[in-house]
Amino acid sequence: MPVKSAKKIGVLLIMTIAMLLVCSVGSMRVKAAATPKFRTGSIELTRIGAVYVLEILNKVDNSKYKWTSSNENVATVSSNGIVRAAGVGTAKIKCVITYPSGKTKTLTCNVTVRIPATDIRINNATLSNGSHVMRVGESYKFTCTVSPTNTSDKIYWYLDDSDPNSNINAVRVNSSNGIVTAQRRGKIVLMAAAAKEASEQAAKESSVTDAIIIEVIGPSNEVVSAEIIDAKTLK
């Protein structure tokens with residue numbers, strides 16, 4: 001191979017390698033210059049007045065930041081990204097970033113504010129030997145007291161049939177209003193739960209619950225008990 005041709009090939013190889021190196025470095029620079037983003041895309045605050053500092057990752061020097069809340073009755077935000085719970089509900093916190101070049105980027109974080117219940121008590125059960133007694137065909141509306149009174153949790157009523165001796169068909173319960181209708185004889189445990197959602201799954205996962213035993217007996221014209229007073233008297 002002529003010397004000139006070999007030199008040309010060598011020069012071309014060197015130029016090719018140099019171009020590959022430049023592209024590689026450029027690619028590394030692109031990867032290094034990550035786009036700004038919130039550390040988290042959603043937050044939950046569990047009391048009025050609670051605060052959370054929204055952190056922006058990959059900030060660009062000399063950028064400007066404008067913060068806004070979609071619902072200040074739920075959550076407010078300061079010029080430094082400090083979110084404060086104002087009321088129960090949901091809101092979106094936005095931050096518009098203006099780069100030194102004039103281009104903009106908008107970041108969004110979903111905020112949920114709730115007040116969890118800490119205690120619940122069924123307050124109108126009439127217990128006899130540890131059970132609230134009902135007759136077949138009878139309906140009764142159970143009520144409960146929940147703390148704190150301004151909780152955002154939902155009340156859900158359901159039957160616990162984990163006891164093998166219980167009769168799940170003894171009563172029917174309206175999960176939203178606590179109305180129980182006696183259907184068949186037997187005993188069953190009625191549960192009241194305060195949960196994030198009004199669903200059976202959320203209620204069963206909740207640790208804020210109360211329970212009573214319901215015993216269903218026969219209809220009112222049925223003899224429930226008898227006592228001989230004397231030779232002529234049966235009570």
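In this predicted model, β3, β7 and β6 form, in that order, an open sheet of three strands with antiparallel pairing; strands here are DSSP runs (E, at least two residues), numbered from the N terminus, as helices are (H or I, at least four), and two strands count as paired if DSSP finds at least two bridges between them. Because β3 (51-53) and β6 (75-77) stand at the edges with a single partner strand each, one side of each is left without a neighbour in the sheet. From one strand to the next, the twist averages 20°, where axes are lines fitted to C-alpha atoms (for helices, over the stretch in contact) and angles between N-to-C directions run from 0 to 180 degrees. Three bridges link β6 with β7 (residues 82-85) in the antiparallel sense, and alanine 75 faces alanine 85 of β7.

Strands of a sheet pair through backbone hydrogen bonds, in either a parallel or an antiparallel way. An open sheet of four strands, ordered β2-β9-β8-β5, has mixed pairing. Here β2 (42-45) and β5 (64-69) are the edge strands, each pairing on one side only, and the twist averages 20° from one strand to the next. The parallel pair of β2 and β9 (residues 104-113) is joined by four bridges; within β9, threonine 112 is the bridge partner of glutamate 44.

A word on conventions: residues are numbered from 1 along each chain as its sequence is written, and side-chain values use heavy atoms, leaving out hydrogens and water. As the model is predicted, local features need pLDDT of at least 70 and side-chain atom pairs count only at pLDDT 80 or more, while totals for chains, interfaces and linings use all residues.
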